[in-house]
Amino acid sequence: GYDEQLQKLGQPTTRENRQRLQLWDELGQDDALNRVCVYTGKGLSKAALFSDEVEIDHILPFSRSLHDGIGNKILCYRQANRDKGNRTPFEAFSHSPPGYDWNAVLARAATLPGRKASLFQEDALQKFLGENGVSQ
């Protein structure tokens, strides 16, 4: 389990650290080389996983979606999270700002498990709020 892995890595067995491991595992389901920041494409090593360089990002901003489940979270580099801000991936990156290639972001997102890739679509937040009856 994750607690044993964390102990081996010398990391505290906290909910956040378990989530970091779970999200890291998700990235490499098919191939460990896929373990990259979805936004930047930069590799995410297990060594960097618990550093302050890597953060857990709410794909749809928590403040706007109130969705705190693992299905709305990915690992990314802190700088990408800052660049994304309180926006959806589409709002932040679809115009391919410097350092980001939207088509590459979408290709990496397509490898994410479950419905995560759908959260990168233009209407993802509206769809999520509609399905969950959250008023805007």
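A residue is called buried when its relative accessible area is under 20%. In this predicted model, tyrosine 39 and phenylalanine 120 are both buried. The two rings form a tilted aromatic pair, with 6.1 Å between the centres and 40° between the planes. Tyrosine 39 lies in the loop between helix 2 and strand 1, and phenylalanine 120 lies in the loop between helix 6 and helix 7, so the pair ties together parts that are 81 residues apart in sequence. The whole structure contains four aromatic pairs. Tyr39 and Phe120 also belong to one aromatic cluster with Phe93 and Tyr100.

The largest nonpolar core consists of 34 residues. Tyr39 and Phe120 are among those with the most contacts inside this core, as are Val38, Leu44, Ile74, Leu75 and Leu112. Elements that give two or more residues to the core include helix 2 (15-27), strand 1 (54-58) and strand 2 (73-77). When neighbours within four places in sequence are left aside, the contacts of isoleucine 74 include Val38, Tyr39, Leu112 and Phe120. Glu55, Asp57 and Lys116 are also in contact with isoleucine 74.

The charged end of arginine 35 sits over the ring of tryptophan 24, at 3.7 Å from its centre. Lysine 42 lies over the face of tyrosine 77, 4.2 Å from the ring centre.

No disulfides are counted in the model. Cysteine 37 and cysteine 76 have their sulfur atoms 5.2 Å apart, which is too far for a bond, because a disulfide requires the sulfur atoms to be within 2.5 Å. Cysteine 37 is buried, at 0% relative accessibility, and cysteine 76 is likewise buried, with a relative accessible area of 0%.

Terms used: Residues are numbered from 1 along each chain as its sequence is written. This is a predicted model: local features need pLDDT of at least 70, side-chain atom pairs count only at pLDDT 80 or more; totals for chains, interfaces and linings use all residues. Side-chain values use heavy atoms; hydrogens and water are left out. Buried means under 20% relative accessible area, exposed over 50%, partly exposed in between (1.4 Å probe, protein chains only). A nonpolar core is a set of buried Ala, Val, Leu, Ile, Met, Phe, Trp, Tyr and Cys residues joined through side-chain atoms within 4.5 Å. Helices (H or I, at least four residues) and strands (E, at least two) are DSSP runs, numbered from the N terminus. Contact means heavy atoms within 4.5 Å. Rings of Phe, Tyr and Trp (its six-membered ring) pair if their centres lie within 6.5 Å; planes under 30 degrees apart count as stacked, over 60 as edge-to-face and the rest as tilted. A charge sits over a ring if NZ of Lys or CZ of Arg is within 6 Å of the ring centre and within 35 degrees of the ring normal.
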